[in-house]
There are 2 protein chains.
Amino acid sequence: MHRKSFEKMACPIARSLERVGEWWSMLIMRDALHGLARFDEFQASLGIAPNILTRRLNSLVDAGLLERRQYSDHPPRHEYVPTACGRDFFPVLVTLLTWGNKHFAPDGQRVVIANRNTGAAVDPVLVERATRVPVGESNYALAAGPDANPRTRQRYAAMAEARPSSHSTSPQSRNK
Amino acid sequence: MHRKSFEKMACPIARSLERVGEWWSMLIMRDALHGLARFDEFQASLGIAPNILTRRLNSLVDAGLLERRQYSDHPPRHEYVPTACGRDFFPVLVTLLTWGNKHFAPDGQRVVIANRNTGAAVDPVLVERATRVPVGESNYALAAGPDANPRTRQRYAAMAEARPSSHSTSPQSRNK
């Protein structure tokens, strides 16, 4: 993959995916945020080959999502605990889970996100912090940020001009 | 990869990742939700090899995230437009972007999610729909859902018992 493409790497989504863009990495983070910490625990949960698990754990440590801690001297054994950055990945997992349960669960909701105290399954929604207005693709879009360079600015300005209205609101009108 | 592992596939996160768990797929969805629709547009945006782009687009159509529409007869040309399922992927991109801007943007926010009308960058937060209480890993966790089978139930019950408190609130106390 051409992961170093300039414009791609200006995007925080691409940067995030560089850290967790492997299928296994996201599932390891899922388990780590659920409290699993030891190599054997991850292996039993994921049914993953040991060499791949080692590589993915190391990569998550390097990326700053997990911290490696030694819990036994003889033999030397480590556990892997989410860092603050790793804990901040939780909302990504929640939105992935919610999307999966909505669209890919023909047999019902087998796994949910539940309140730790009440046990009630969450019905999460993404909102703007100040106004609590739901954030959807009809009212929000990617845009150049305050620290964008001229090329990124130009790219998003051109995109906004080419697509003045959301494709979701007028899918038929775009190719006239 | 052993993608068919029983317990893994009961999880809606795993099911979601099966659809978009490739780096490129998420970036294609990012661009598609931004209004890009044609092969050339995706290729120019992503700098991706044509054969890989073809494969990823087909896979997103098969997974139900994009709809293929013919916009030219001579020569036959198609565009790719997000389905309702694809549009529902937007919150995942927003949480990935927010996480990336918080942790992996040493040079500042170059790309943001902005309100389509006001242009203001969003500060999104995931909340419980009814109560508007923020959803974080300190107060929420994965749990067996209403349609879980006995094995999934047992798995999450065992995990909850082994880890009564959040690892984030008492990381030191777990290995006593």
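Predicted model: local features only at pLDDT ≥ 70, side-chain atom pairs only at ≥ 80, totals over all residues.
Local features need pLDDT of at least 70, side-chain atom pairs count only at pLDDT 80 or more, and totals for chains, interfaces and linings use all residues. Residues are numbered from 1 along each chain as its sequence is written, while chains are lettered from A and ligands numbered from 1 in the order in which they are written.

**View 1. The axis relating chain A and chain B**. A rotation of 180 degrees, with 0.0 Å of shift along its axis, places chain A on chain B with an RMSD of 0.0 Å (superposed by least squares on the C-alpha atoms of residues with pLDDT of at least 70 in both copies). This is therefore the relation of a two-fold axis. In chain A, Leu126(A) has the C-alpha nearest the axis, 2.2 Å from it.

**View 2. The contact between chain A and chain B**. How many residues of chain A are in contact with chain B? There are 88, and they meet 87 residues of chain B; two residues are in contact if their C-beta atoms, placed from the backbone, lie within 7 Å. On the side of chain A, helix α7 (residues 90–103) gives the most, with 13 residues. Helices are DSSP runs of H or I of at least four residues, and strands are runs of E of at least two, numbered from the N terminus. By class, this side of chain A has 48 nonpolar, 23 polar and 17 charged residues (Ala, Val, Leu, Ile, Met, Phe, Trp, Tyr, Cys and Pro count as nonpolar, Asp, Glu, Lys and Arg as charged, and the others, Gly among them, as polar).

**View 3. Strand pairing between the chains**. Strand β5 (residues 140–144) of chain A runs antiparallel to strand β3 (residues 111–115) of chain B, and five bridges join them. Two strands pair if DSSP finds at least two bridges between them. Tyr140(A) has Asn115(B) as its bridge partner in β3(B).

**View 4. A hairpin within chain A**. Strands β1 (residues 66–72) and β2 (residues 77–82) of chain A run antiparallel and are joined by six bridges. Arg68(A) has Tyr80(A) as its bridge partner in β2(A). The hairpin joins β1(A) to β2(A) through four residues.

**View 5. The two domains of chain A**. The assignment, which is automatic or from a database, gives domain 1 (12–87) and domain 2 (90–122). The centres of these domains of chain A, taken over C-alpha atoms, are separated by 21 Å.
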